[in-house]
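Colleague: Before we discuss this model, could you take me through how its confidence and its pockets should be read?

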Amino acid sequence: MKRILLPAGGAVLATGLLATGLSGTAQADGDVANDPMARNTSQAVSVASFWLASNGAALRQATQYTWDSKEVRKVVSKGGYSPDGRPGTTAPTGESKSGGSAQNVNLPKTIGKVFFVDGSGKFRWCSGTAIQSNYRNLVSTAGHCVYDTDSNSPTMDNWVFVPGYYQGKAPWGIYVGKQAFTHYDFDTYEDYDRDYAFVTVYNGITSNGVKRVTPREYAGFTGPKRSWGGRHYILLSKDAGRLGDNVGGQGFAWNQATGKTVRAFGYPSAPHPDGNKPYSGVTPKHCYGKTTAKAVGAPWLKIEEHIGLKCAVTPGYDGGPWLMNYNNGKRLGYVNGTTSTFADQDGNDRIDYITSPYFDGETASVYNAAKNVWSGKIVGPRGELYK
């Protein structure tokens, strides 16, 4: 277990600390930091409108939150892990019927894309999954898909989760982020050994058709709307309910032994460092194998204690879950990692390895803080968006 220590008698002005702690937005309780996203229903309505407008045009314009190819290097193996407590698990919820024979991999309903606007104003996405929580409203993804390490903003703007996303379609609705929970060392020091996040989301929103309205009704409508040819239209919305009720929630596991078999899922899209682009980012892909038994280090990202998995995917996959004990029939397992970085172990300019933070008791503390927080809904009983 790594600790970042401040020098005695000195002051360290970490960029993340300046952006969050001094701005009064982030709060920390031990190892846990939390940042507000859409603070209230009015802000959540604005975020939902941003992505739903013009039939989801912004969703289709988004590109993967990619890595600089110079940071795709060979990672080094180090010593073993020292779990900080006993192994633990939280059981998953929900069950999906198998869509194929046992030898095929049935993709979990819980996975999808997280969409956001980064510090440079670009529409971006990563991978993520619904994970079990007391209120069935929680998303697991990478810390760098929530906190913008480039601009040092507290959190990404207009953050939403879309399970089962496909070419502008949101089959179970879109879910606006309300509060992000990360490890204090990532939020403050951008320590990639803690590159994980858990985000509470409001109830989902689905489109319920388009209605032509008067100019007065159009001016007073707060949700997605469009005007052309002198005519005014609004998008009718419907409360899609809680995330976990619709797609289920993966379990969670921590302080597990390495060398176990996992299935990793995500939406790869970016090209390899040599320019080859085998993935479109349209459909999720998976990898299967055993995690490394030794720690993996990447000093340029302050990484000392990652685990690794042989997997030839590309960015866009980051934030996706590593599922232990995956049941192919139920499409459920236990999140025991999340794709954080990409590596080229044989030096041929092709990614062949991915890494994840090791999930220990401190990870469980962040998860436990997030799983007990309620979000609420942003669509009223008559389909109106709350202000």
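Modeller: Begin with pLDDT, which is the predictor's confidence in each residue, from 0 to 100. This is a predicted model, in which local features need pLDDT of at least 70 and side-chain atom pairs count only at pLDDT 80 or more, while totals for chains, interfaces and linings use all residues. Residues are numbered from 1 along each chain as its sequence is written, and side-chain values use heavy atoms, with hydrogens and water left out.

Colleague: What is the mean pLDDT of the protein, and where does the pLDDT stay under 50?

Modeller: Where pLDDT is low, the predicted coordinates should not be read in detail. Here the mean is 85, with 85% of the residues at 70 or more; over residues 4–25, however, the pLDDT is below 50, and this stretch has 36 contacts (heavy atoms within 4.5 Å) beyond near neighbours in sequence. Residues 98–103 also stay under 50, and for them the model has eight contacts beyond four places in sequence.

Colleague: How many residues line the largest pocket, and which lie nearest its centre?

Modeller: On a 1 Å grid over the protein atoms alone, a pocket is an open set of points where a 1.4 Å probe fits, with protein on both sides within 12 Å along at least five of seven lines, and lining residues have an atom within 4 Å of a point. The largest pocket is lined by 25 residues, with L52, N55, G56, S207 and L235 nearest its centre.

Colleague: Which helix gives the most to that lining?

Modeller: Helices are DSSP runs of H or I, at least four residues long, numbered from the N terminus. Helix 2 gives the most to the lining of the largest pocket, supplying eight residues.

Notes. Helix = DSSP H or I, 4+ residues; strand = E, 2+ residues; numbered from the N terminus.
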